[in-house]
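Here are my notes on the model you passed along. Have it open while you read, and tell me if anything looks off.

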Amino acid sequence: AAEVIELRQLVASRRDHAEAIDRLLDADAYRLAADPTLSFGAPDRESVPPEIDFAPLDEAIETIRKSAAAYDAALSRPISAAGSARADAILQGLEQVFTVETGLPGRPWYRHLLYAPGLLTGYGSKTLPGVREAIEAARWDEVRDYIGRTAAVLKAASTKIDDAAGALSQ
């Protein structure tokens, strides 16, 4: 999905930036280029992102894509009123599957793992906020944790969609 590609690019750009800062610090470039009349020091070293395994998220997205395709296929066939009602009942709480009780880091009142207002963007929405904001803050253990949590809610949604597709087929 495009969102996971963006997350990979975000990690890569943070890695490139941190490595560039490290190279400049190692070469003493900040001191050599400094204006002696100004009292700015060199920046602190930044945390170089470790390798991040996005495979659980990729797998969960592929699973939900397959579930959605199966649901679409079930919708294309004749559906009984009872099957339609059962599918509707199953899907009624689908949006709540994307939430977690603990909420997002630093904002427990935002519980949705697919989108939420950004921590520093006002009302600007962020996709996969648990993962994205952990990357932006260089909290690498939290990145791994929220990849797992987000993959889990996507798989739970897939199960509900599969159940609804099954109900449509009855």
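**Notes on the helices and the core**

1. Starting with H1: this helix has 25 residues and reaches 36 Å from its first C-alpha to its last, close to the 36 Å expected at 1.5 Å a residue (the expected span is 1.5 Å times one less than the number of residues). Helices here are DSSP runs of H or I, at least four residues, numbered from the N terminus.

2. Some ground rules. This is a predicted model, where local features need pLDDT of at least 70 and side-chain atom pairs count only at pLDDT 80 or more, while totals for chains, interfaces and linings use all residues. Residues are numbered from 1 along each chain as its sequence is written, and side-chain values use heavy atoms, with hydrogens and water left out.

3. Buried residues in H1 include Val 4, Leu 7, Leu 10, Val 11 and Arg 15 (buried means under 20% relative accessible area, with a 1.4 Å probe and protein chains only). Their cover includes H2, H3 and H6.

4. H1 and H3 have axes that come within 10 Å and cross at roughly 170° (axes are lines fitted to C-alpha atoms over the stretch in contact, with angles from 0 to 180 degrees between N-to-C directions). That makes the pair roughly antiparallel, a label for angles over 145 degrees. Val 4, Leu 7 and Arg 8 of H1 meet Leu 57, Asp 58 and Ile 61 of H3 (contact means heavy atoms within 4.5 Å). By class, that is four nonpolar, no polar and two charged residues.

5. H6 and H7 also cross at roughly 170°, with axes that come within 8 Å, so H6 is roughly antiparallel to H7. Among the residues in this contact are Val 131 and Ile 135 of H6, and Val 143 and Thr 150 of H7. The classes here are seven nonpolar, two polar and one charged.

6. The largest nonpolar core has 38 residues, and Phe 54, Leu 57 and Val 131 are among those with the most contacts inside it (a core is a set of buried Ala, Val, Leu, Ile, Met, Phe, Trp, Tyr and Cys residues joined through side-chain atoms within 4.5 Å). H7 gives the largest share, 13 residues.

7. Thr 150 touches Leu 57, Leu 113, Leu 114, Leu 128 and Val 131, leaving out residues up to four places away in sequence. With the same exclusion, Leu 57 touches residues including Val 4, Ile 147 and Thr 150.

Note on methods. Helix = DSSP H or I, 4+ residues; strand = E, 2+ residues; numbered from the N terminus. Parallel < 35°, antiparallel > 145°, perpendicular 65-115°, else oblique. Nonpolar A, V, L, I, M, F, W, Y, C, P; charged D, E, K, R; others polar. Buried < 20%, exposed > 50% of the residue type's maximum accessible area, 1.4 Å probe, protein only.
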